[in-house]
Amino acid sequence: MVELGNFSPEERAAQEERLRSVWKTPGGWRYWTSVNNSEIGLWYGVTAFAFMLFAGLLGLLMRAQLATPNNDLISADLYNQAFTLHGTVMMFLFAVPIFEAVAIFLLPSMLGARELPFPRLSAFGFWSFLLGGIFVCGSIFFDSAPNAGWFMYPPLATDKEYAGIGADIWLLGLSFIEVASIAAAVEIIVGIMKCRAPGMRINMMPMFAWYLLIVAGMILFAFPPLIAGDILFEMERMFDWPFFDVSRGGDPLLWQHLFWIFGHPEVYIVFLPAIALMAMIVPTFSQRPIVGYSWIVLAAVGTGFLSFGLWVHHMFTTGLPQISLAFFSAASEAVAIPTGVQIFVFIATMLAGRVIFSVPMLFGAGGLAIFTIGGLTGVMVALAPFDWQAHDTYFIVAHLHYVLIGGMFFPIVAGIYYYFPFVTGKKLSAAWGKLAFWLMFVGFNLGFFPMHLSGLRGMPRRVFTYPEEFGWNLFNLVSTVGAFIFAAGVATFVIDILRPKPKTSGRNLNPWSAGTLEWTNDPQESWGMRSVPIITSRYPLWEQPDLQANIEAGRYYLPDAKSGKRETLVTSVLDAEPIQCLRVGGVSYVPMISALALGGVFIALTFHWWIPTIICAIITLIAIVWWLWTGTAQIPEAEKVDVGLGQELPVYVSGPASVGWWAMFITMVGDGTAFASLIFGYFFYWTVHDDFTTGAPGPGALWPMVALSLFIIAWLLTIVARHLNARGHPGCRLALAAGIFATVAACLAGLAGPYFHGMDPTSNVYPATVWVIVIWTVVHGAVGIVMQAYCLARNFAGRMTTEYDQDIRNVTLYWHFMAFTAVITFAVLGLFPMVSA
Amino acid sequence: MKSVIPREVESLWTLFTAPTVWAIHFLGCYAAVAVYCAKAASLDFGFAVVRLALGGLTVLALMAIVLSAYLAWRQWGFGSGDPPHDEPTRRDRTLFQGFATLLLSGLSFVAVVYAAIPLIFIAECQR
């Protein structure tokens with residue numbers, strides 16, 4: 001048993017003064033340069049919520065239009081823009097970002113960390129999201145919003161006559177936001193695995209962390225296929241490369257595959273975090289630990305995996321072989337098992353405890369009831385023959401709203417009621433909350449239940465009006481009335497949040513008597529944990545007496561900030577033993593500048609402004625290199641620092657022990673998934689054609705093999721450089737320089753294959769596919785060159801030494817993935833045509 | 001005595017073994033059928049061969065999951081202690097991992113069986 005620290009009141013005051021100054025949020029307009037998780041989380045959440053309200057208004061506009069038959073309130077074209085933007089904004093700008101917001105806000109406190117490991121990355125993600133979101137939403141005010149439905153099926157969405165610039169805004173604006181989501185995933189995974197309080201072994205983690213770990217992992221595998229799809233789509237729209245044009249060998253079905261490989265896991269990506277909130281709320285209001293902790297882990301992991309086996313159930317009517325449909329039907333039924341398990345776990349917890357029916361519980365329970373109905377219709381539509389009847393009707397609209405509003409929106413509202421005191425120190429009103437709940441619950445069911453019936457009567461989704469004699473009138477009128485009652489409930493909730501609240505007497509950090517660690521934090525202080533506690537229980541506030549007092553008295557780890565830097569603890573993955581004192585980035589403009597510049601690249605691309613695109617790209621590159629140069633892998637003043645409780649920990653670690661290495665690894669897993677999706681595209685076209693090259697010349701075998709060899713050489717040189725650096729041998733610089741030359745040559749050789757064989761990417765899908773894969777690899781080569789040059793410069797500047805070699809360790813890791821990419825690319829492009837011939 | 005079965009691995013990743021087997025099996029079934037049905041005209045074997053091969057793959061997958069379940073059961077101490085495994089000890093952490101892995105093996109087993117059912121009932125590449 002470690003002996004806790006003991007400080008005199010004067011010492012404590014001095015510690016608090018230092019901590020306060022280190023974690024201070026800047027004032028005035030510099031407030032916006034803050035990177036602290038509590039600010040970024042709040043901005044992220046408020047922004048996502050605002051986008052939700054906007055998309056909700058679009059929904060009301062649609063309901064108003066559909067209230068009566070042959071209505072002409074809005075035009076067909078505006079209606080198309082409204083439903084496309086409604087779906088797009090709800091999914092991409094609300095459902096996913098709000099959970100990133102909640103995670104960034106709550107995770108450090110739940111895990112007992114001062115901060116997530118990459119606060120500036122979170123800030124970068126937020127600014128990217130804000131800019132991309134405004135860009136996408138703003139388009140409707142210029143009558144140029146996307147109008148082809150939120151899943152943008154070609155050929156409708158590739159038709160320039162029909163889908164004007166809106167489709168480009170969708171593709172580029174959302175690609176930009178997907179970058180933000182992947183950034184958040186990296187942050188969350190590394191944070192949960194490595195930044196837990198000492199003693200918080202994996203069997204002690206809060207449920208929320210388990211869910212978020214799985215969700216972030218899902219993002220890594222789900223978002224990249226959409227990014228790959230976006231690349232293909234935008235190449236077709238911008239340069240007429242015929243990926244989805246049947247007359248030139250393309251196939252619109254590839255988009256559907258890539259979209260839904262993203263789109264179905266996406267449903268669970270938004271559902272699991274909401275359920276995770278429930279897993280925090282239910283035990284609190286049952287006043288007992290959750291029943292079946294391991295079963296929840298089963299449910300989270302099981303759902304995470306199975307959700308990737310469901311994507312084709314969105315494509316049951318596309319004419320795939322029936323046996324393929326059957327596989328996906330089977331998986332769609334199987335996913336009901338873990339989903340059911342988590343609902344039964346909640347019911348069991350409530351039965352075993354004494355339930356207090358407060359507002360968060362109302363929203364939670366109401367949401368679960370709605371979600372269960374959506375789940376049951378889900379089991380119905382997972383059966384292919386039923387789906388053939390219900391596909392693209394209002395039955396599906398009803399199903400998906402039951403699932404998303406019940407499984408995601410209600411729990412989020414429950415979470416906001418629950419965590420409002422955590423954010424502001426004050427509770428929301430129970431009376432207003434109950435009113436909001438009943439308006440929302442009744443309004444929702446009145447609004448969406450009739451859609452099942454109008455759907456079964458054949459009403460297709462996405463029609464802007466309907467004739468009187470079809471018998472859909474009453475259902476639609478009721479739906480519209482319900483939708484407005486629902487909106488009144490949401491408005492009540494928003495007013496409750498915004499209305500001025502009376503001052504509360506006394507300080508009550510834990511108004512719900514919760515048992516989890518986050519409730520030890522004082523919202524008035526920006527340091528998060530006053531001292532990082534030792535955890536010995538799943539519900540430390542219930543089971544560890546004096547925890548609160550000891551944390552506040554600074555008796556645990558990191559009670560001070562003598563270095564004047566922001567510090568948090570890194571612990572081991574399984575048993576959470578302290579291994580490092582991590583210094584995280586503080587207040588800075590650079591994440592904002594990088595995000596705005598990168599946003600400039602995407603926006604300029606939309607309008608085909610090539611020069612601004614290039615300028616913004618250069619600014620982005622400079623900003624990111626500057627960010628890395630000044631903010632990462634800083635050589636510390638001493639090897640080890642005192643973290644309290646008589647322990648000294650290293651400040652700088654490299655290789656797999658460091659958070660940076662993990663961030664690189666995780667990013668590259670996502671990157672590899674996008675690459676795999678492109679390769680999937682290559683083989684997809686191979687299966688749809690008897691001769692997939694259609695007689696067009698390939699890149700030959702020679703140049704691809706030359707490129708492959710050069711990439712391997714460059715990879716080996718990078719590894720050699722790492723070893724030489726570790727030995728302090730000056731040959732390291734030579735190896736890096738040679739590596740740069742080899743990579744340049746490899747990139748040129750890669751491009752030479754398709755170039756010298758006269759492959760015209762606009763002529764047919766085969767040359768287009770070859771080009772896009774080669775360009776992907778060459779762009780990665782170019783990034784590899786920047787990294788090698790960066791290491792060389794760091795070495796010359798004395799910022800990368802034998803002992804402090806994080807940079808080259810991480811770059812070598814990148815190069816492992818680079819080599820793998822090159823092997824697959826050139827083996828497939830160079831050799832596969834010979835094998836298949 | 002040296003055990004033929006690998007020793008306990010101290011890693012978080014073992015948790016994901018059985019679901020990964022499910023994923024490989026699922027993708028294998030999907031890809032094999034998709035490629036066969038697209039290229040049937042140029043292949044000189046029938047759909048029955050694909051079904052048999054995938055049947056074999058299913059058996060392999062189930063065996064792998066059973067192995068993972070056995071290892072998990074062993075890590076759980078063959079059921080010697082009951083959940084919740086919430087003590088702050090390395091032992092309870094290990095037991096928790098074992099139990100969660102065992103549960104996931106069960107789910108993965110069922111999911112693999114589900115995915116194999118169509119192979120019994122569907123005998124051609126009907127569109």
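**Strands, annotated spans and the chain contact**

Tutor: Strand E1 (residues 567-571) and strand E2 (residues 578-583) of chain A pair in the antiparallel sense over five bridges. The model is predicted, so local features need pLDDT of at least 70 and side-chain atom pairs pLDDT 80 or more, while totals for chains, interfaces and linings use all residues. Residues are numbered from 1 along each chain as its sequence is written, and chains are lettered from A and ligands numbered from 1 in the order in which they are written.

Student: Which residue of E2(A) stands opposite Thr568(A)?

Tutor: Strands are DSSP runs (E, at least two residues) and helices likewise (H or I, at least four), numbered from the N terminus; two strands pair if DSSP finds at least two bridges between them. E1(A) and E2(A) form a hairpin with six residues between them, and Ala576(A) in the turn has a positive phi of about 55°. Opposite Thr568(A) stands Leu582(A).

Student: How far apart are the end C-alpha atoms of residues 17-548 of chain A?

Tutor: UniProt, in an unreviewed entry, places the feature "domain: Cytochrome oxidase subunit I profile" at these residues of chain A; its positions are given in the numbering used here, feature names are shortened, and annotations may be inferred rather than shown by experiment. Over residues 17-548 the chain is 67% helix and 0% strand, with its end C-alpha atoms separated by 20 Å.

Student: How many residues of chain B are in contact with chain A?

Tutor: Two residues are in contact if their C-beta atoms, placed from the backbone, lie within 7 Å. On the side of chain A, 37 residues take part; on that of chain B, the number is 40.

Student: Is H8(A) oblique or parallel to helix H3 (residues 90-121) of chain B?

Tutor: Axes are lines fitted to C-alpha atoms, for helices over the stretch in contact, and angles run from 0 to 180 degrees between N-to-C directions. H8(A) and H3(B) pack with axes 9 Å apart, at an angle of about 40°. Angles under 35 degrees count as roughly parallel, over 145 as roughly antiparallel, 65 to 115 as roughly perpendicular and the rest as oblique. H8(A) to H3(B) is therefore oblique.
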